Amino acid sequence: MRLASGRVTRAPGRVAAFILAVAALATSPASAARMASPISVDHAEERPAEKIMPILIDGASYVSTNDLARIFAATKYWRPEIQKLTLRLGEHTLRFTIDAPIVLVDETGRNLIEPARLIQGVVYAPESIVRQIFEWGLFADATWDDATRTIRFRSPVHVVRQAQLFPRGRVTEISATLLRGLPPRVLYATPSEIRILFEGGTLDTVRSFEGGIVTGGSIREVAGGVELRLRLGADAKGYAVSVGSGRLKVSVTDDKDLVDAGLFNKLEPVPIGGPDRDVRTIVIDPGHGGTDLGATLRGGMSEKDAALDLARALRSALNQRLSARVIMTRESDVVVSAARRAEIANEAGADLFISIHLDSEGSIKGGGFRVFTLSPGGTGGEGESDAIPEDIDGVTLRPWLGAQTSAVGSSMALAQAIADSLQHSFPGTPVLTRQGPMRILEPVVCPAIMLESAPAARTGPDATSRGYTIYDYARIVAEAIEKFVKAARG
């Protein structure tokens, strides 16, 4: 730099170097970022489907707030002086602060798995915000399908509308307007809970229920249709479902005479085990193994090792509570294919199958649990068979990929029982149930679930994560399974 006639000038070489340096600072984050798995957007009838293309920043998946604003028809407000961006989604607001791992949702602070980032003038948020927009009830005109990574907008005219609860003496009825016929699928109907999927339907709005024999419940839109879940009082005896004449009705009663007269179906325990409903064999499946490390967890431990530790703890806890034989798909650090894991369960005549996984960088980073089952619609994959199980010489032959379909209702009941127990034991920790096409579960004949926890629960008596150790986790899951098994016996 030199002075000339009172002006400040720069040597041409230095000016060029300065410009290049500034350009590098402005472009390097975006150019270094790689594309992550796309998110599909299904606009129903109004617009063609499209995709959001997240990017990877420091190994984490991020979405552009420009994409969020476009997809959800949100208004953006950017305040560069304080590095804050506000997204207004109808009556709700999301306020991001650059480099802060928190978002203000209607003035309530919520943790993010990663901080918001500013790249070339665009604010990027962690991809998990897409799912959380729906979990937090911020957008009612679409649903999020976690299994297929799809935002599905609802049809402008909803099939199921104005669902309401009506106590009528000893009968409690859920009634809704129905614009066209929907096939109901009873996933399970036990003395404590009913869960029904109305396949292919759409819902005007999520509703909660409480009254009469119903102690709690909800109706909501899920992938594949509209799901009704009702928790029942201790005296519940029967249920009835009717779809027709423009009405959808689900009724429950505590009057045994109505059940005996054939007017209501009897509420019965979930069908598990043999004819005597006794659970004799449980298979625990520690995920990954051998060269398949799984996720890298906090402290550098691999998911395969933590899953084996947790599976051993769960086996011990189950052996203390049940007389069932407990088998593991692997006892050491070896590779076991997904098909072989299912074979081990089916060959052993398993009554329950539990696959164990952990998550470090995904949507439950910071503490939490997810319980997965196959979706009620089955795999939905190309190889799925609709063939009826065939009986040859007394042996029932089932299509391989469709094996889990007949047990999926019992699987969902088991998953919900474990999720409820975890939520009760860890009230400050998120617990989610999820359904989708699960390759590890599809070929398993018996009720089958996959447990995923995060962050990694390390071994050792002093290893804690959000207030629990792997031994606490294993104990609570084992207790939930024990209660579930005893309830199934009636």
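# Close-up views of helix packing, a cavity and a pocket

**View A. Helix 5 packs on helix 8 at an angle of about 45°, with their axes 8 Å apart.** The model is predicted. Helix 5 and helix 8 are therefore oblique to each other. The crossing of helix 5 past helix 8 is right-handed. From helix 5, the contact takes Asp309, Leu310, Ala313, Leu314, Ala317, Leu318 and Arg321. Helix 8 answers with Ile470, Tyr471, Tyr473, Ala474, Arg475, Val477, Ala478, Glu479, Ile481 and Glu482. By class, the residues of this contact are 12 nonpolar, no polar and 5 charged.

**View B. Helix 7 and helix 8 cross at roughly 135°.** Helix 7 spans residues 408–425. The axes of helix 7 and helix 8 come within 9 Å. Angles over 145 degrees would count as roughly antiparallel; helix 7 and helix 8 are therefore oblique to each other. Helix 7 passes helix 8 with right-handed geometry. On the helix 7 side, Ser410, Ala413, Leu414, Ala417, Ile418, Ser421, Leu422 and Ser425 take part. Their partners in helix 8 are Tyr473, Ile476, Val477, Ala480, Ile481 and Phe484. The residues of this contact divide into 11 nonpolar, 3 polar and no charged. Tyr473 belongs to the contact with helix 7 and also to the contact with helix 5.

**View C. The structure holds 1 cavity of 30 Å³ or more.** The space inside the largest cavity is about 30 Å³. Its lining consists of Leu310, Leu314, Ile356, Leu451, Tyr473, Ala474 and Val477. Helix 5 (303–321) and helix 8 (470–489) are the elements that give two or more residues to this lining. Helix 8 supplies the largest share, 3 residues. By class, the lining has 7 nonpolar, no polar and no charged residues.

View D. Two helices, helix 3 (128–135) and helix 6 (338–347), are among the elements that give two or more residues to the lining. Strands that do so are strand 7 (60–64), strand 29 (352–358), strand 30 (368–374), strand 33 (431–436) and strand 34 (448–454). By class, the lining of this pocket has 15 nonpolar, 13 polar and 14 charged residues. The lining of the largest cavity, by contrast, has no polar and no charged residues.

Definitions and conventions
Residues are numbered from 1 along each chain as its sequence is written. This is a predicted model: local features need pLDDT of at least 70, side-chain atom pairs count only at pLDDT 80 or more; totals for chains, interfaces and linings use all residues. Side-chain values use heavy atoms; hydrogens and water are left out. On a 1 Å grid over the protein atoms alone, a cavity is a set of points where a 1.4 Å probe fits but cannot get out, and a pocket is an open set with protein on both sides within 12 Å along at least five of seven lines; lining residues have an atom within 4 Å of a point. Grid points are joined across faces, edges and corners, and a volume is the space filled by probe spheres set on the points. Helices (H or I, at least four residues) and strands (E, at least two) are DSSP runs, numbered from the N terminus. Ala, Val, Leu, Ile, Met, Phe, Trp, Tyr, Cys and Pro count as nonpolar, Asp, Glu, Lys and Arg as charged, and the others, Gly among them, as polar. Axes are lines fitted to C-alpha atoms, for helices over the stretch in contact, and angles run from 0 to 180 degrees between N-to-C directions. Angles under 35 degrees count as roughly parallel, over 145 as roughly antiparallel, 65 to 115 as roughly perpendicular and the rest as oblique. A crossing is left-handed if the near helix is turned anticlockwise from the far one by less than a right angle, and right-handed if clockwise. Contact means heavy atoms within 4.5 Å.
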